[in-house]
Amino acid sequence: MLPRRTRQAAARLRQMMSVTTRMPGDIASRVLHDAADAVIHVDADDTILSWNRGASRMFGHKSEEAIGSALTKLIVPEKLRSRHLAGYAHVMSGGASKYEWNDMLRVPAQRKDGSRIPVEFTLQVIMGADGVPKSSVAIMRDVSVMSGTIRQLRERVAQLEKLIPKPNAKEQGE
């Protein structure tokens, strides 16, 4: 099960997307453009079609640099690129992704300066009128702080477990 904050973030994103479908186009566009989370629209060939301010803040690339570039080369760490491309090709060939709106995937991503950050994202496949996948929209959140907190908590639990005396074999058999 995903952490409560992640589930809440996913619910807020679903709500935001639901609201934008009822908003006039200019307002919906502004909401998506100015969102704190990265909202990235990519065509079936992995080319970035739109890149919001959240993506610029998160990854360090201006929209002018990102649009027209391959998403894989821009933010996917080199060791994971072939796996990403294979997964994306699968999604674009059938439109099926297990990481659509209800499920979030946590992966490492690469910033412009080469540093890595953990991100969680959902993916929405955009179908053409012919029912064939044409593009996708990913909504990504930097979870560096949450990941660091979880790591610290795990380390603290490990330290505390060392302080708890363990029963010896003789005591357990009695």
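Does Gly54 count as buried or exposed, and what is its relative accessibility? At 1% relative accessibility, Gly54 counts as buried, a term that here means under 20% relative accessible area, while exposed means over 50% and partly exposed covers what lies in between, all with a 1.4 Å probe and protein chains only. The model is predicted, and local features need a pLDDT of at least 70, side-chain atom pairs count only at pLDDT 80 or more, and totals for chains, interfaces and linings use all residues. Residues are numbered from 1 along each chain as its sequence is written, and side-chain values use heavy atoms, with hydrogens and water left out.

The protein as a whole contains eight helices and five strands, where helices (H or I, at least four residues) and strands (E, at least two) are DSSP runs numbered from the N terminus. Along the sequence these elements follow the pattern α-α-β-β-α-α-α-α-β-β-β-α-α. Of the 174 residues in the protein, 34% are buried. The exposed surface comes to about 11100 Å², of which carbon and sulfur atoms supply 55%; such areas come from the Shrake-Rupley method with a 1.4 Å probe, and for residues only the protein chains shown count as cover. Among contacts with a separation of 6 or more, 45% are between residues 24 or more positions apart, contact meaning heavy atoms within 4.5 Å.

Gly54, with which this account opened, lies in helix α3, residues 53-59. Leaving aside residues up to four places away in sequence, Gly54 touches His33, Ala35, Ala36, Asp37 and Ala38. For one of these, Asp37, which is 17 residues from Gly54 along the chain, the C-alpha atoms of the two residues are separated by 4.9 Å.

The structure also holds one aromatic pair. Trp51 and Phe59 form this pair, which is tilted, with 5.8 Å from centre to centre and 45 degrees between the planes. Rings of Phe, Tyr and Trp (its six-membered ring) pair if their centres lie within 6.5 Å, and planes under 30 degrees apart count as stacked, over 60 as edge-to-face and the rest as tilted. Both Trp51 and Phe59 are buried.

The strands can be followed from β3 onwards. Strand β3 (residues 105-110) pairs with β4 in the antiparallel sense over six bridges, where two strands pair if DSSP finds at least two bridges between them. Within this pairing, Ala109 stands opposite Ile117 in β4. The hairpin of β3 and β4 has five residues between the strands, and Gly114 takes a positive phi near 95 degrees there.

Strand β4 (residues 116-127) is in turn joined to β5 by nine bridges, and the two run antiparallel. Val119 stands opposite Asp142 in β5, and Thr122 has Ile139 of β5 as its bridge partner. The hairpin of β4 and β5 has five residues between the strands, and in it Gly131 takes a positive phi near 85 degrees. Strand β5 (residues 133-142) also pairs with strand β1 (residues 38-43), in the antiparallel sense and over six bridges, with Ser136 in β5 as the bridge partner of Val42. Strand β5 is mostly covered, since seven of its ten residues are buried.

Ile126 belongs to strand β4 and is partly exposed, with a relative accessible area of 33%. Not counting residues up to four places away in sequence, Ile126 touches Val132, Pro133, Lys134, Ser135, Ser136 and Val137. The C-alpha atoms of Ile126 and Met92, which are 34 residues apart along the chain, are separated by 9.4 Å.

An α-helix has 3.6 residues a turn, so residues three or four places apart point the same way. The 14 residues of α6 (residues 81-94) should span 20 Å at 1.5 Å a residue, and the end C-alpha atoms are 20 Å apart, which agrees; the expected span is 1.5 Å times one less than the number of residues.
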